[in-house]
There are 4 protein chains.
Amino acid sequence: MYGELKEECGIFGIYNQKNAPNWIYLGLYALQHRGQEGAGIVCSDGQVLSAHRGVGLVNDVFPPHKLARVKGYIGIGHVRYSTFGASNLRNVQPFLMSYFQGPIALCHNGNLVNGELLKYQLEQKGAIFQSTSDSEVMIHLIARSKEHQFVDAVIDALKKVKGAFSILTMNNKELVAVRDPFGFRPLWIGKKGKAIVFASETCALDLVGAKWVREVEPGEVVHICGNEVNSYFPFKEVVPKQCIFEFIYVARPDSVIFGKSVDQVRKQLGRELAKIAPVDADFVMAVPDSSNPAALGYAHESGLPFDMGFIRNHYVGRTFIEPDPKMRDFGVKIKLNPSKDTVKGKRIVLVDDSIVRGTTARKIIRMLKRCKVKEIHYRVASPPIINSCYYGIDTPNREKLIAYTMSKECRNREEIIEKIRRYLGVDTLAYLTIPAMLKATGCDPKHFCTACFDNNYPTPIPSNFTIPDKENSAYQHDLTLDER
Amino acid sequence: MYGELKEECGIFGIYNQKNAPNWIYLGLYALQHRGQEGAGIVCSDGQVLSAHRGVGLVNDVFPPHKLARVKGYIGIGHVRYSTFGASNLRNVQPFLMSYFQGPIALCHNGNLVNGELLKYQLEQKGAIFQSTSDSEVMIHLIARSKEHQFVDAVIDALKKVKGAFSILTMNNKELVAVRDPFGFRPLWIGKKGKAIVFASETCALDLVGAKWVREVEPGEVVHICGNEVNSYFPFKEVVPKQCIFEFIYVARPDSVIFGKSVDQVRKQLGRELAKIAPVDADFVMAVPDSSNPAALGYAHESGLPFDMGFIRNHYVGRTFIEPDPKMRDFGVKIKLNPSKDTVKGKRIVLVDDSIVRGTTARKIIRMLKRCKVKEIHYRVASPPIINSCYYGIDTPNREKLIAYTMSKECRNREEIIEKIRRYLGVDTLAYLTIPAMLKATGCDPKHFCTACFDNNYPTPIPSNFTIPDKENSAYQHDLTLDER
Amino acid sequence: MYGELKEECGIFGIYNQKNAPNWIYLGLYALQHRGQEGAGIVCSDGQVLSAHRGVGLVNDVFPPHKLARVKGYIGIGHVRYSTFGASNLRNVQPFLMSYFQGPIALCHNGNLVNGELLKYQLEQKGAIFQSTSDSEVMIHLIARSKEHQFVDAVIDALKKVKGAFSILTMNNKELVAVRDPFGFRPLWIGKKGKAIVFASETCALDLVGAKWVREVEPGEVVHICGNEVNSYFPFKEVVPKQCIFEFIYVARPDSVIFGKSVDQVRKQLGRELAKIAPVDADFVMAVPDSSNPAALGYAHESGLPFDMGFIRNHYVGRTFIEPDPKMRDFGVKIKLNPSKDTVKGKRIVLVDDSIVRGTTARKIIRMLKRCKVKEIHYRVASPPIINSCYYGIDTPNREKLIAYTMSKECRNREEIIEKIRRYLGVDTLAYLTIPAMLKATGCDPKHFCTACFDNNYPTPIPSNFTIPDKENSAYQHDLTLDER
Amino acid sequence: MYGELKEECGIFGIYNQKNAPNWIYLGLYALQHRGQEGAGIVCSDGQVLSAHRGVGLVNDVFPPHKLARVKGYIGIGHVRYSTFGASNLRNVQPFLMSYFQGPIALCHNGNLVNGELLKYQLEQKGAIFQSTSDSEVMIHLIARSKEHQFVDAVIDALKKVKGAFSILTMNNKELVAVRDPFGFRPLWIGKKGKAIVFASETCALDLVGAKWVREVEPGEVVHICGNEVNSYFPFKEVVPKQCIFEFIYVARPDSVIFGKSVDQVRKQLGRELAKIAPVDADFVMAVPDSSNPAALGYAHESGLPFDMGFIRNHYVGRTFIEPDPKMRDFGVKIKLNPSKDTVKGKRIVLVDDSIVRGTTARKIIRMLKRCKVKEIHYRVASPPIINSCYYGIDTPNREKLIAYTMSKECRNREEIIEKIRRYLGVDTLAYLTIPAMLKATGCDPKHFCTACFDNNYPTPIPSNFTIPDKENSAYQHDLTLDER
């Protein structure tokens with residue numbers, strides 16, 4: 001159940017830039033991989049805030065005539081991964097509200113672990129909610145702060161929240177960027193002429209032509225007002241716990257986050273995997289496209305040739321009619337087709353970045369086997385996932401994680417992996433180990449959250465808190481909105 | 001400025017009806033004349049609330065596949081007159097929120113005179129707002145009530161508001177209908193089999209095939225839960241002040257409101273007008289279509305024949321390109337065309353229900369004169385409008401009311417009317433008097449609000465209250481939302 | 001079956017007018033009552049022809065950005081009544097084709113009686129067709145003419161067709177307007193500054209601000225090229241047979257066609273009806289809105305007061321969900337609601353312009369009777385319709401015409417009318433007679449086609465010609481087209 | 001100019017398959033890379049043909065409710081590369097017409113060299129055209145054939161056309177597939193249960209789950225009627241001239257065409273390139289994605305590692321707002337971003353499948369150089385393109401081909417390549433030779449058309465034929481169509 005509230009997202013902000021909406025649009029475009037379900041932009045011309053939000057890809061939400069509705073030189077934008085139902089607009093960010101100080105907009109990437117509790121407490125005090133999003137909780141907290149300055153109210157509010165949050169929030173004149181003390185999610189500062197830019201990843205800075213300045217540090221609050229940029233560290237300091245899964249899967253390979261090139265880290269993950277789990281084979285191939293760097297790293301380390309055994313259909317859209325329910329493996333088939341002559345009769349090292357449920361991996365393996373490959377050696381460039389994430393990665397309930405379910409009846413790692421190997425139907429299967437994964441990052445291993453692999457959550461987890469049953473009905477509504 | 005916040009609306013609710021959304025859709029269809037800018041429906045299946053809202057006519061907002069998104073047997077709907085900008089969805093009702101008791105939906109017809117003040121006070125206590133609507137103020141008040149029962153919380157909240165409100169509000173199991181103590185706006189109860197129906201006007205009951213039961217009384221609260229229907233009168237009793245303008249212009253002639261047939265009252269207005277301001281002429285015609293009943297009444301009383309000198313284009317849509325800005329009177333021309341042979345050379349009594357700005361009347365008169373009519377005797381079936389409405393009729397700022405602006409330099413009624421006559425360019429001009437208007441209703445004259453004609457506002461008016469300047473920026477944002 | 005191919009349409013053309021598409025748009029707007037299913041505009045800038053067509057009302061087909069696709073100073077436009085299936089674009093006019101002389105566009109109002117035969121003959125010679133429209137037949141004939149001049153080729157082609165046609169056709173420099181020798185359908189010439197305008201009715205000339213010049217005469221060909229306007233009468237002269245049904249129902253009352261004001265003719269039809277079929281009653285009312293003039297005429301002649309017993313919902317759209325199939329008379333109910341207090345206990349003369357199937361009339365009568373009217377005296381301002389039209393009016397197959405089906409078992413007019421009276425459930429029923437109808441026009445009675453009333457078709461009817469069965473499949477396809 | 005009429009397309013047909021439209025939809029989905037501008041499907045249920053066409057991707061043209069408009073068990077579909085202007089629907093295929101035998105639908109992949117001449121001749125005989133497409137020419141020819149049987153008429157017609165054509169055409173009961181005698185374009189036959197399937201490439205057979213049977217042979221006509229499948233070779237036999245560019249760029253790598261795996265041929269092109277133009281470097285990378293196989297082949301042959309220096313944005317849509325015209329290289333930047341740490345300081349072999357204009361290549365090289373690569377060795381896996389294609393590949397006019405323009409002032413191949421190298425700004429540049437290219441296919445080198453590389457057109461080229469100037473105006477019209 002809790003998993004439904006999780007999300008992966010991308011955020012982008014800009015201050016002091018003419019035609020800010022156009023640049024935010026571009027920035028969101030570059031962050032599209034972080035969220036394909038919804039997008040929104042809010043801007044201020046110094047007086048008035050304007051906004052547009054919608055369900056779908058950035059391109060669909062913002063055709064020129066709709067982008068033109070948003071105006072100003074200060075602005076923030078958001079792409080969103082997961083909404084409840086295809087057309088639910090309530091949770092699409094940034095949120096735009098008014099409170100006693102005037103208008104406020106806010107968007108965030110991450111997930112609060114005490115969001116439900118805060119919402120419960122706020123409702124007890126008479127607060128009303130239009131969404132189920134943590135963002136609205138944060139705006140309520142800001143609106144209830146006694147602080148007079150915007151940045152002080154934001155800090156005051158964020159001291160009450162726990163969990164993962166990279167936030168951009170603004171009023172008509174100020175923009176504030178915050179990264180939580182653990183620094184779970186990435187957040188960059190860039191500079192584009194006189195404008196200050198914020199983005200989840202550097203690939204967005206690249207596209208708008210901004211120089212990379214530095215990452216917002218864990219626990220840092222950056223406040224911009226006019227020509228003044230100030231930095232604060234108002235939260236209690238803790239050891240950073242950056243999300244290792246950003247390196248494994250989420251971020252785009254051409255980005256640098258947590259001080260490292262994502263592409264290089266992924267290649268190193270592949271290299272470590274090749275050291276730990278070498279195998280004699282004809283070539284190395286990837287489950288495209290996210291596993292490409294790891295597969296290249298494996299190939300380079302092992303000396304085996306790299307090849308491409310799958311061809312992607314680049315035109316796969318978001319909706320697809322399945323003409324015949326009896327047709328098996330269709331969801332994968334529409335996206336990938338094996339290149340038969342490449343794989344036939346071959347011994348293949350198939351590199352994947354991670355296995356979550358295992359169902360897609362099994363379908364992919366079946367497709368290859370139908371092409372009469374000789375051997376498949378499945379290599380996973382991360383350890384087995386045994387836990388849900390409470391900090392913003394959209395992992396399902398752990399009962400749906402193959403490594404967790406298989407672990408219930410097994411005594412040790414070897415048994416689990418053997419069970420998964422049989423389920424997948426491959427000749428050999430190997431995962432990366434946690435130490436090898438952390439080594440591959442080239443960073444201090446203590447600075448990462450690896451809870452999904454080892455159960456070590458940096459914060460208390462929300463299962464301690466039980467929400468009254470009646471309360472749940474509060475979320476049981478679905479609102480759709482239409483505009484002509 | 002304040003005028004911008006005003007609105008005329010229609011509301012419809014149903015309880016205990018299978019496929020409630022379909023019937024609400026029909027009800028809103030019949031109430032379309034009360035609001036063409038937006039529409040929304042919220043329903044409950046007893047557990048979950050679902051909703052859809054949009055900008056445009058009922059037909060456009062609810063194509064079958066969108067209507068199908070709303071489900072349940074309890075529901076409320078709303079048509080809205082005025083939104084700020086063509087595509088602003090924030091203020092489209094019903095509002096759907098959650099608070100500590102669970103989900104709540106609310107829609108209203110009318111306007112609060114202390115809405116701004118309440119909003120200011122709520123914001124001082126940390127409330128955040130997504131809209132500029134009074135409805136959201138009311139939901140905040142309900143959410144902050146200490147009462148445990150839904151109906152008690154609604155009553156508690158409504159005791160704090162002042163002004164005009166016919167309200168429908170619901171949670172997942174209960175529906176509450178309220179009419180303010182003055183009874184400014186109409187609200188009917190009907191019965192359709194086992195279902196209870198609420199509607200602004202009887203024409204909506206007719207279309208859904210519901211029997212007319214009675215009007216919700218001024219100050220009455222009707223609460224439905226399961227099979228129980230209870231009625232309360234929790235507010236301090238006052239002399240009713242029903243809106244006379246509902247009879248003059250707003251309501252559909254086939255409706256009965258405030259105990260009278262709108263059609264009959266309008267005809268009587270025309271009869272009174274004929275008594276007060278008779279004239280020798282060839283025939284009586286109306287400014288179509290709202291003035292038809294008054295013109296018929298005038299004709300019947302005067303013994304003059306009734307004729308139709310204008311032909312309406314029934315296909316006029318909401319948007320229209322003016323191909324040449326130099327073309328005068330175009331807005332009217334697209335809707336009405338004189339039937340030249342009918343009017344040419346004739347002495348005409350032209351009956352209008354009311355004159356607001358006078359600009360449209362002047363254009364219509366010019367069109368007739370170009371057809372070489374001999375005489376035009378303009379007869380207005382209501383008194384001169386000299387004040388804005390604060391209770392929900394969308395009259396403009398009084399500086400734009402022709403009777404008000406002309407009155408500034410005039411000593412008496414005669415002079416004002418003569419000035420307007422010259423502005424319009426007609427041979428004679430006569431208005432109905434306030435006593436004759438009240439007499440035409442056949443009701444107790446004390447039971448009507450006639451503030452727009454005589455400045456006697458039943459409640460203190462909001463000009464006493466000045467909102468801090470900074471506050472205004474809170475409304476200076478515009479949010480549009482899109483759904484695929 | 002043949003009835004399916006019939007249509008009523010409106011056409012509009014303009015020559016030598018800057019921004020021609022905007023003015024054609026306006027002209028079509030005024031002709032919207034002649035066809036609500038589709039609209040199209042073709043224009044030439046002297047070199048290139050551009051076009052846009054679509055399914056729906058003029059307003060829906062031509063939002064500003066789509067109207068902007070069409071450019072030029074010469075142009076023609078069309079509104080269309082009937083298409084086969086809601087979204088069939090193939091038959092929407094004007095047609096735009098190319099042939100050996102270059103591009104050609106053509107639209108027409110009317111129906112050819114030898115269209116099927118010509119199509120068959122053309123196909124035998126290798127012609128291919130994209131539509132089932134007579135317009136395409138005419139373009140084929142023009143393309144196959146040996147004449148070198150455009151106007152000569154048009155005349156050459158039209159000499160081969162038989163039936164009703166008011167046509168506008170153009171190439172990149174010339175515009176030709178033609179009215180068939182019988183003059184079945186109206187066609188006007190107007191002048192707007194230096195521009196020449198053509199329109200089916202004068203109401204379109206009014207809206208674009210054009211002066212009425214004269215009607216194109218039956219059998220006349222008007223050719224415009226540059227500053228030259230020439231008129232030809234190339235067809236064999238016959239006695240005109242103008243469509244009497246244009247007066248009864250089709251044309252807008254504010255138009256003048258066939259030399260007479262439609263409004264005045266309709267009133268005279270009502271007056272004649274009152275003379276033939278007087279009755280003692282409380283008042284006269286119309287089946288709104290097309291019967292209004294006839295009802296006014298009846299009232300004026302009879303001395304009875306005119307009243308409005310039905311209120312129209314002006315927002316009825318083209319699609320409507322019937323929420324419950326058991327609900328009777330719903331299609332009418334959504335459009336009309338009786339004003340109960342007006343009709344209750346009254347003896348009513350209910351005037352209708354015509355009865356086709358009788359089903360709608362029966363529903364309307366039932367609605368009134370439920371309001372407890374005392375007596376209904378149904379008066380029809382035209383004779384009984386006993387035949388289908390082959391010249392462009394969309395009457396159904398005669399087996400669906402109530403007067404035809406009732407006539408099968410009856411010996412005389414009285415018996416037929418009595419049977420219809422019982423079917424409708426009214427107290428008395430009277431139709432106008434053919435002589436009285438013709439007298440009401442004030443024109444030479446021999447100059448009208450009254451085939452639908454008396455079976456006297458001015459041309460041989462197509463039942464003489466049987467199309468080979470195999471051929472039929474040629475029309476059995478449905479093509480829809482989409483544009484992003 | 002002539003180049004504008006060229007096109008690349010994909011076709012798919014199915015016979016005897018329940019829910020044929022769904023499967024055609026899937027087939028077109030798999031062929032989307034062959035045409036992204038428009039799509040259409042025509043089906044027959046044995047009696048009636050239904051169709052839907054639109055501008056855009058398959059997914060956009062065929063949402064479920066529009067796909068549902070097409071019905072039947074016989075059908076053909078088409079994806080189209082190039083239309084004249086974004087919204088021009090006239091040329092979207094399949095065309096659906098009727099002629100004396102009944103309805104006919106036709107779609108084709110390829111380009112006729114005598115299409116203009118045939119159109120001119122047909123127009124001289126009175127034919128009218130709605131499009132500028134060769135398909136319409138072919139339907140005219142079929143309609144004018146004296147043959148009684150559908151397949152005979154198709155053969156009769158196709159004997160008159162010259163050029164490239166893979167065609168699917170159908171009436172309500174029969175389907176005919178034809179490949180021109182030279183076999184320029186691919187066309188496959190597959191079998192799916194009892195259904196016969198036709199597709200441009202095997203990747204479409206794979207997706208619908210059809211078995212590969214064989215390719216339609218050059219000059220073969222396959223006729224299906226009921227359970228009978230017949231094959232004819234009615235055309236004069238010639239040496240096949242299959243399009244080598246299908247191997248180089250057009251076809252999907254997972255397809256087999258002309259008897260060979262596209263992926264394997266591309267890898268072999270890369271291998272040959274490595275043999276001809278080896279270079280010492282750190283790694284080999286591709287201009288993604290079409291050059292991947294050639295780059296892999298180069299890497300495997302050379303023994304250099306393969307790496308990925310560019311990251312693709314998979315969400316790039318068809319339209320994109322350029323926020324600042326001063327931003328250089330934007331069109332490429334939005335699609336590709338270098339992985340900086342991968343390329344920095346490296347000596348790179350950059351493999352491209354072909355160079356057409358050279359402008360994009362130059363932008364890509366600049367992007368890499370800004371990342372401070374040490375050396376770029378550009379390797380092109382095909383020879384220099386010096387001529388336009390007249391057989392269906394959308395190459396521009398040769399004046400825009402970099403190899404042609406550079407050749408004008410050069411004496412030999414070396415000089416040309418050196419000039420291009422300087423233009424691109426790379427350290428070394430090498431192209432594949434024609435013999436090496438042909439060798440890489442593993443087929444008889446005489447069986448390919450290599451006209452774009454060596455000027456040896458298999459047919460007379462259309463420059464011999466000059467179309468009369470007046471004629472051109474025939475194409476100068478643009479028609480858009482809309483459906484609600």
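This is a short tour of a helix pair and a sheet in chain A, with a last stop in chain D.

The model is predicted, so local features need pLDDT of at least 70 and side-chain atom pairs count only at pLDDT 80 or more, while totals for chains, interfaces and linings use all residues. Residues are numbered from 1 along each chain as its sequence is written, and chains are lettered from A and ligands numbered from 1 in the order in which they are written.

**Chain A as a whole**

Select chain A. It has 18 helices and 24 strands; these are DSSP runs numbered from the N terminus (H or I, at least four residues, for helices; E, at least two, for strands). Of its 484 residues, 61% count as buried (20 or more other C-beta atoms, placed from the backbone, within 10 Å of the residue's own).

**The helix pair**

Next, select residues 134-144 (α5) and 150-158 (α6) of chain A. Their axes come within 8 Å and cross at roughly 120 degrees. Axes are lines fitted to C-alpha atoms, for helices over the stretch in contact, with angles from 0 to 180 degrees between N-to-C directions.

Show the side chains of A:M138, A:L141 and A:I142 in α5(A), which meet A:A153, A:V154 and A:A157 in α6(A); contact requires C-beta atoms, placed from the backbone, within 7 Å. By class, this contact has six nonpolar, no polar and no charged residues.

**The sheet**

Now select the open sheet of six strands in chain A, ordered β5-β6-β7-β8-β12-β13 with antiparallel pairing. Strands pair if DSSP finds at least two bridges between them. β5 (95-99) and β13 (228-232) of chain A stand at the edges with a single partner strand each, so one side of each lacks a neighbour in the sheet. Neighbouring strands are turned by 20 degrees against each other on average, direction ignored.

Zoom in on β7 (residues 166-170) and β8 (residues 174-179) of chain A, an antiparallel pair with five bridges. Here A:M170 stands opposite A:L175 in β8(A).

Bring the helices back into view. α5(A) packs on the sheet, touching β5 and β6 (102-109) of chain A, and its direction makes about 140 degrees with that of β6(A). α6(A) also packs on the sheet, touching β7, β8, β12 (221-225) and β13 of chain A, with its direction at about 25 degrees to that of β8(A).

**Chain D**

Finally, select residues 134-144 (α5) and 150-158 (α6) of chain D. These axes come within 8 Å and cross at roughly 120 degrees. D:M138, D:L141 and D:I142 in α5(D) meet D:A153, D:V154 and D:A157 in α6(D).

Note on methods: Contact = placed C-beta atoms within 7 Å. Nonpolar A, V, L, I, M, F, W, Y, C, P; charged D, E, K, R; others polar. Buried ≥ 20, exposed ≤ 12 C-beta atoms within 10 Å, placed from the backbone.
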